[in-house]
Amino acid sequence: MEPSRHDYTEIIRRLPLKLRLAYGIGHVLNDICASMWFTYLLVFFHLVLKFDNSVSGVILLVGQVADALATPFIGIQSDRNDGFWLCKYGRRKTWHLLGTVCVLGSFPFIFSPCLYCEGSHQLAQLVYYSAFVIIFQFGWASVQISHLSMIPDLTPSEHERTELTAIRYSFTVCSNVLVYLVTWLVLHVTGENNAQIGPGDEGKFQHIVLIGIGIGALTSMVFHLLVSESSTPGHVRVAGQRISPGLLLKDVRLYQVALVYMATRLFVNLSQVYIPLYLHESLSMGAESLAVIPLVMFVASFTMSLLVNVINKKCGRKFAFLLGATLGIAACVWIRFGSGVNYTTYEIYPVAALLGAGSSVMLVTSLGITADLIGPNIESGAFVYGAMSFMDKLSNGVAVTLIQDMRCMTVCPTYYRDILLFVCGGAATFGLVMLATLAPFQIGTRGTDGEPVYAGLDSNPGLDPEPAYLAPGIQNEVQPVIS
């Protein structure tokens, strides 16, 4: 009996569970390092090494700028379809492996005292740390772009791409939870009750980093062993369209989606950066709270990530993003008006949960929108993700530098509270406004047996002289993906 059209749809759109999970853990090393980078970099340099606020901000800016500059280059190179990458190891996995080596070789030095220059001037130490930061960020960008750009390669299905993104984000949350659990254990076992972070804690941060990258190295090994770039079990490989970067840059939707993603990353990253400093300076909470509160955020984030795929599928991208932004803005407003013993004892936990849940929904949804923008144009996927990351990294670096430079020299109890309200809340609001301007677009156009199928960023056959073909007997329906 000849298979029905529905049977073919199942063959194309379902990935084995083992492959989906193996893909998800391929970004764990990056996630662990990113958690340390955004949550504890300013804490380590300002409170432990006693660097000035502005110098601490410059170190983070150097990393963000290095990442922003590396991502377009890596995106273009990762999209190259030459024989060397394909025959040897695979273009995406080669960049992933290169990035993993760079991250493992550089990140431990960032959270360690300056070797043979500990007593040097802060500007001299800035040069030392910047060298390792640049190597780390190049490696981090290589892993991020190659891993993200594998999503359109693995499946043409909108909902399965969202599922892969949700699985990826679930492992991101688990990685963050792991970091905060390890941090809490290290600070709890070796520290005094209610003691705040200080210069004597540098060894503790080194232990946390070494445990984290050890686990990350193991998960990266599993990813490279189980995920094959050359073949996807149970899938019919559809040739991707190639659209030049110049043509992509002329599409206004690229910039609209980039601004939505940038706003999301500003909310997620800046809340992660400044929650520890808010707890330390605005609420005068102990060192353990710097691990417990972020842990609550990411437990809530993980819980919500399990529901994001259903929300996107049933309610659409715009409603899902609206829900996440509403949760995040509510948390920012609560932070502004929260005060007193009752707030620091009880209310801070639901505030953290709202921040985490909102971040989860917004981030997974914005990544899903980016995958929708790529559509079947998988040959251009890494460039698109590189453009998104460029906006993300540069905006975060500039924002942190400005925030650190504007901070008063004396103790300012309300400064970081106001940052969380106006900057993070403002970013979520801006993301909503930009998403509202984004018109619905489609991935896939209706095709017949053996007929060319043009789709994706701009459903115009004139964009690509080499059309992609579906396998005989398989049709691809129009799918509106932003509603």
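This is a predicted model: local features need pLDDT of at least 70, side-chain atom pairs count only at pLDDT 80 or more; totals for chains, interfaces and linings use all residues.
Residues are numbered from 1 along each chain as its sequence is written, and side-chain values use heavy atoms, with hydrogens and water left out.

Helix α3 spans residues 28-48 and helix α4 residues 53-79. They pack at an angle of about 145 degrees, and their axes are 9 Å apart. Axes are lines fitted to C-alpha atoms, for helices over the stretch in contact; angles run from 0 to 180 degrees between N-to-C directions. From α3, the residues W37, F38, L41, L42, F45 and H46 take part. They meet N53, S56, G57, I59, L60, G63 and Q64 of α4. Contact means heavy atoms within 4.5 Å. By class, the contact holds seven nonpolar, six polar and no charged residues. Ala, Val, Leu, Ile, Met, Phe, Trp, Tyr, Cys and Pro count as nonpolar; Asp, Glu, Lys and Arg as charged; the others, Gly among them, as polar.

## Overall fold

The protein chain has 17 helices and four strands. These are DSSP runs, numbered from the N terminus: helices are H or I with at least four residues, strands E with at least two. Of the 483 residues, 59% count as buried. Buried means under 20% relative accessible area, exposed over 50%, and partly exposed in between, with a 1.4 Å probe and protein chains only. Among contacts with a separation of 6 or more, 84% join residues 24 or more positions apart.

## Aromatic pairs

The whole structure holds 19 aromatic pairs. Rings of Phe, Tyr and Trp (its six-membered ring) pair if their centres lie within 6.5 Å; planes under 30 degrees apart count as stacked, over 60 as edge-to-face and the rest as tilted. The centres of F45 and F51 are 5.3 Å apart and their planes stand at 65 degrees, so this pair is edge-to-face. F45 and F51 are buried.

Y180 and F298 form a tilted pair, with 5.6 Å from centre to centre and 40 degrees between the planes. Y180 sits in helix α9 (residues 158-190) and F298 in helix α13 (residues 289-315), so the pair ties together parts 118 residues apart in sequence. Both Y180 and F298 are buried.

## Two residues of helix α7

Y129 lies in helix α7. It counts as buried, at 0% relative accessibility. Y129 touches F45, L49, F51, F109, I110, S112, P113 and C114, leaving aside residues up to four places away in sequence. Its C-alpha atom is 9.8 Å from that of S106, which is 23 residues away along the chain.

H147 also belongs to helix α7 (residues 122-148). At 0% relative accessibility, H147 is buried. With residues up to four places away not counted, H147 touches Y23, G24, G26, H27, H96, R168 and F223.

## Confidence

Mean pLDDT for the protein chain is 78, and 79% of its residues reach 70 or more. pLDDT is the predictor's confidence in each residue, from 0 to 100. Confidence is highest in helix α14 (residues 317-337), at a mean of 93, and lowest in strand β3 (residues 468-469), at 28.

Residues 1-11 stay under 50, and the model gives them eight contacts beyond four places in sequence. Over residues 231-240 the pLDDT is also below 50. That stretch has 32 contacts in the model beyond near neighbours in sequence.
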